[in-house]
Amino acid sequence: MPGTRLDPIDRKILAELQADGRMTNVELAKRVGISAPPCLRRVRTLEEAGFIRGYHADVDARELGFEVQVFAMVGLVSQAETDLSIFEERCRNWSLVRECHMLNGEVDFILKCVAPDLSTFQRFLTEDLLKSENVASVKTSLVIRGAKDDPGVPFDVLEERLNRDA
(Lines give C-alpha, C1' and ligand atoms only; values in the text may rest on other atoms or scores of the structure.)
Protein backbone atom coordinates (compact mmCIF):
# COMPACT_ATOMS: atom_id res chain seq x y z
CA MET A 1 0.00 0.00 0.00
CA PRO A 2 1.30 3.52 -0.79
CA GLY A 3 2.67 5.29 2.24
CA THR A 4 3.73 2.13 4.07
CA ARG A 5 7.35 2.43 3.04
CA LEU A 6 7.48 5.67 5.00
CA ASP A 7 7.76 5.51 8.75
CA PRO A 8 5.63 7.72 11.02
CA ILE A 9 8.38 10.34 11.35
CA ASP A 10 8.72 10.64 7.56
CA ARG A 11 4.96 11.06 7.24
CA LYS A 12 4.95 13.69 10.00
CA ILE A 13 7.77 15.55 8.23
CA LEU A 14 5.74 15.54 5.02
CA ALA A 15 2.59 16.71 6.79
CA GLU A 16 4.43 19.55 8.53
CA LEU A 17 6.20 20.71 5.38
CA GLN A 18 2.96 20.52 3.41
CA ALA A 19 1.38 22.87 5.97
CA ASP A 20 4.39 25.22 6.11
CA GLY A 21 7.25 24.71 3.68
CA ARG A 22 9.14 27.74 5.00
CA MET A 23 9.79 26.56 8.53
CA THR A 24 13.40 26.08 9.52
CA ASN A 25 14.88 22.62 9.85
CA VAL A 26 15.27 23.25 13.58
CA GLU A 27 11.54 24.02 13.94
CA LEU A 28 10.63 21.02 11.79
CA ALA A 29 12.83 18.72 13.88
CA LYS A 30 11.20 20.04 17.06
CA ARG A 31 7.70 19.43 15.68
CA VAL A 32 8.44 15.84 14.65
CA GLY A 33 10.43 14.99 17.79
CA ILE A 34 13.93 14.37 16.44
CA SER A 35 17.15 16.39 16.36
CA ALA A 36 18.01 18.69 13.46
CA PRO A 37 20.76 16.69 11.65
CA PRO A 38 18.73 13.48 11.15
CA CYS A 39 15.70 15.60 10.27
CA LEU A 40 17.64 17.31 7.49
CA ARG A 41 18.88 13.94 6.21
CA ARG A 42 15.32 12.63 6.14
CA VAL A 43 14.07 15.71 4.26
CA ARG A 44 16.83 15.32 1.66
CA THR A 45 16.01 11.60 1.30
CA LEU A 46 12.30 12.44 0.86
CA GLU A 47 13.23 15.00 -1.80
CA GLU A 48 15.52 12.58 -3.65
CA ALA A 49 12.88 9.83 -3.53
CA GLY A 50 10.32 12.18 -5.11
CA PHE A 51 7.96 12.46 -2.14
CA ILE A 52 8.75 16.19 -2.01
CA ARG A 53 8.58 17.62 -5.53
CA GLY A 54 9.39 21.21 -4.66
CA TYR A 55 8.58 24.27 -2.61
CA HIS A 56 6.59 27.28 -3.70
CA ALA A 57 4.76 30.33 -2.39
CA ASP A 58 0.98 30.22 -2.36
CA VAL A 59 0.33 33.57 -4.05
CA ASP A 60 -3.05 35.27 -4.04
CA ALA A 61 -4.10 35.51 -7.69
CA ARG A 62 -6.71 38.21 -7.03
CA GLU A 63 -4.21 40.38 -5.13
CA LEU A 64 -2.00 40.18 -8.22
CA GLY A 65 -4.83 41.30 -10.49
CA PHE A 66 -6.00 37.91 -11.78
CA GLU A 67 -9.72 38.42 -11.19
CA VAL A 68 -10.99 35.62 -13.43
CA GLN A 69 -10.75 31.91 -12.73
CA VAL A 70 -12.36 29.48 -15.15
CA PHE A 71 -12.65 25.72 -15.43
CA ALA A 72 -12.66 24.59 -19.06
CA MET A 73 -13.92 21.11 -19.90
CA VAL A 74 -12.30 20.02 -23.15
CA GLY A 75 -13.41 17.23 -25.48
CA LEU A 76 -10.97 15.99 -28.09
CA VAL A 77 -11.64 14.49 -31.50
CA SER A 78 -9.08 11.72 -30.95
CA GLN A 79 -7.97 10.10 -27.71
CA ALA A 80 -5.00 8.30 -29.25
CA GLU A 81 -2.02 8.49 -26.89
CA THR A 82 0.01 10.71 -29.24
CA ASP A 83 -2.91 13.16 -29.53
CA LEU A 84 -3.38 13.21 -25.75
CA SER A 85 0.33 13.89 -25.25
CA ILE A 86 0.32 16.69 -27.82
CA PHE A 87 -2.62 18.36 -26.09
CA GLU A 88 -0.97 18.02 -22.66
CA GLU A 89 2.22 19.60 -23.99
CA ARG A 90 0.21 22.46 -25.49
CA CYS A 91 -1.43 23.01 -22.08
CA ARG A 92 1.97 23.14 -20.38
CA ASN A 93 2.91 25.97 -22.75
CA TRP A 94 -0.23 28.10 -22.19
CA SER A 95 0.50 30.37 -19.24
CA LEU A 96 -3.18 30.98 -18.41
CA VAL A 97 -3.63 27.22 -17.88
CA ARG A 98 -2.55 26.56 -14.29
CA GLU A 99 -3.75 22.95 -14.04
CA CYS A 100 -4.52 20.31 -16.64
CA HIS A 101 -6.08 16.96 -15.77
CA MET A 102 -7.12 14.13 -18.07
CA LEU A 103 -10.47 12.70 -17.01
CA ASN A 104 -12.51 9.59 -17.52
CA GLY A 105 -16.06 10.12 -18.79
CA GLU A 106 -17.76 12.73 -20.95
CA VAL A 107 -14.88 15.20 -20.79
CA ASP A 108 -11.32 14.40 -21.84
CA PHE A 109 -9.56 17.20 -19.92
CA ILE A 110 -10.38 19.81 -17.34
CA LEU A 111 -8.24 22.94 -17.29
CA LYS A 112 -8.02 25.46 -14.46
CA CYS A 113 -7.31 28.83 -16.00
CA VAL A 114 -6.66 32.26 -14.51
CA ALA A 115 -6.74 35.59 -16.29
CA PRO A 116 -6.65 39.25 -15.27
CA ASP A 117 -10.03 39.89 -16.89
CA LEU A 118 -12.75 38.23 -18.92
CA SER A 119 -11.55 39.64 -22.25
CA THR A 120 -8.08 38.10 -21.74
CA PHE A 121 -9.63 34.71 -21.04
CA GLN A 122 -12.02 35.07 -23.99
CA ARG A 123 -9.07 35.85 -26.28
CA PHE A 124 -7.24 32.74 -25.04
CA LEU A 125 -10.39 30.67 -25.50
CA THR A 126 -11.14 31.82 -29.04
CA GLU A 127 -7.61 32.27 -30.40
CA ASP A 128 -5.77 29.41 -28.70
CA LEU A 129 -7.91 26.73 -27.10
CA LEU A 130 -10.79 26.51 -29.59
CA LYS A 131 -8.44 26.74 -32.58
CA SER A 132 -6.15 24.08 -31.19
CA GLU A 133 -5.80 20.98 -33.34
CA ASN A 134 -7.85 17.99 -32.14
CA VAL A 135 -10.16 20.07 -29.87
CA ALA A 136 -13.77 19.12 -30.57
CA SER A 137 -15.57 21.01 -27.79
CA VAL A 138 -14.98 23.31 -24.85
CA LYS A 139 -17.43 24.09 -22.06
CA THR A 140 -16.44 26.71 -19.51
CA SER A 141 -17.56 27.54 -15.98
CA LEU A 142 -16.57 30.81 -14.37
CA VAL A 143 -15.61 30.50 -10.71
CA ILE A 144 -17.72 32.78 -8.53
CA ARG A 145 -15.77 32.09 -5.35
CA GLY A 146 -13.62 29.37 -3.85
CA ALA A 147 -14.50 27.69 -0.58
CA LYS A 148 -11.44 25.44 -0.20
CA ASP A 149 -8.06 25.12 -1.87
CA ASP A 150 -5.88 22.78 0.18
CA PRO A 151 -2.67 21.51 -1.39
CA GLY A 152 -1.35 17.97 -1.18
CA VAL A 153 -3.00 15.07 0.60
CA PRO A 154 -4.94 14.59 3.87
CA PHE A 155 -2.33 13.00 6.13
CA ASP A 156 -4.90 12.29 8.84
CA VAL A 157 -6.71 9.96 6.42
CA LEU A 158 -3.42 8.24 5.53
CA GLU A 159 -2.54 7.70 9.21
CA GLU A 160 -6.03 6.40 9.99
CA ARG A 161 -5.82 3.94 7.09
CA LEU A 162 -2.34 2.73 8.07
CA ASN A 163 -3.42 2.26 11.70
CA ARG A 164 -6.53 0.34 10.62
CA ASP A 165 -4.53 -1.95 8.33
CA ALA A 166 -1.75 -2.56 10.89
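Q: Where is Phe-66 found?
A: This is a predicted model. In it, Phe-66 sits in the loop between α3 (36-48) and β1 (68-76).

Q: Is Phe-66 buried, partly exposed or exposed?
A: Phe-66 counts as partly exposed, because its relative accessibility is 32% and that class covers values between 20% and 50%.

Q: Which residues form the nonpolar patch on the surface?
A: Phe-66 forms that patch with Val-59 and Leu-64. Together they have about 290 Å² of accessible area.

Q: And which residues form the negative surface patch?
A: Four residues form the negative patch: Asp-58, Asp-60, Glu-63 and Asp-149.

Q: Where is Asp-149 found?
A: Asp-149 belongs to the loop between β4 (135-142) and α6 (155-165). Its relative accessible area is 59%, so Asp-149 is exposed.

Q: Changing topic, how many aromatic pairs does a search of the whole structure find?
A: The search finds 4 aromatic pairs. In one of them, the ring centres of Phe-87 and Trp-94 are 6.3 Å apart and the planes stand at 75°, so this pair is edge-to-face.

Q: Are Phe-87 and Trp-94 buried or exposed?
A: Both Phe-87 and Trp-94 are buried.

Q: How is the aromatic pair of Phe-121 and Phe-124 arranged?
A: That pair is tilted, with 6.1 Å from centre to centre and 50° between the planes.

Q: In which helix do Phe-121 and Phe-124 lie?
A: Both lie in helix α5 (residues 118-129). They are 3 residues apart, about one turn of the helix.

Q: Which residues do the ring pairs link into a cluster?
A: The cluster contains Phe-87, Trp-94, Phe-109, Phe-121 and Phe-124.

Q: On to charges, then. How many salt bridges does the structure hold?
A: There are 12 salt bridges in the structure. In general, side chains of opposite charge can pair when their charged atoms come close.

Q: Which residues are linked with Lys-30 and Glu-27 in a network of salt bridges?
A: The network also includes Lys-12, Glu-16 and Arg-31.

Q: What about a bridge between strands?
A: Glu-99 forms a salt bridge with Lys-112, and their closest N and O atoms are 3.7 Å apart. Glu-99 lies in strand β2 (residues 97-102) and Lys-112 in strand β3 (residues 109-115), so the pair ties together parts that are 13 residues apart in sequence.

Q: How accessible are those partners?
A: Glu-99 is partly exposed, with a relative accessible area of 34%. Lys-112 is buried, with a relative accessible area of 15%.

Q: Which residue forms a salt bridge with Lys-148?
A: Asp-150 does, with 3.7 Å between the closest N and O atoms. Asp-150 is exposed at a relative accessible area of 57%, and Lys-148 is exposed at 69%.

Q: One more topic, the backbone. What is phi of Asn-134?
A: Phi of Asn-134 is near 80°, which is a positive value in a residue other than glycine. Asn-134 is placed in the loop between α5 and β4. With a relative accessible area of 17%, Asn-134 is buried.

Q: Lastly, where is the place of Thr-24?
A: Thr-24 is in the loop between α1 (8-19) and α2 (25-32), and it counts as partly exposed at 48% relative accessibility. Thr-24 and Ala-36 are 12 residues apart in sequence and 9.6 Å apart in space, C-alpha to C-alpha.

Terms used: Residues numbered from 1 in each chain as written. Predicted model: local features only at pLDDT ≥ 70, side-chain atom pairs only at ≥ 80, totals over all residues. Heavy atoms only, no water. Patch = residues over 30% accessible without salt bridge, like charges linked within 9 Å, V, L, I, M, F, W, Y side chains within 5 Å. Areas by Shrake-Rupley, 256 points an atom, 1.4 Å probe, with all protein chains shown as cover. Salt bridge = Lys/Arg side-chain N within 4 Å of Asp/Glu carboxyl O. Lys, Arg positive; Asp, Glu negative; His and termini not counted. Charge placed at Lys NZ, Arg CZ, Asp CG, Glu CD. Helix = DSSP H or I, 4+ residues; strand = E, 2+ residues; numbered from the N terminus. Buried < 20%, exposed > 50% of the residue type's maximum accessible area, 1.4 Å probe, protein only. Phe/Tyr/Trp six-rings, centres within 6.5 Å; stacked < 30°, edge-to-face > 60°.
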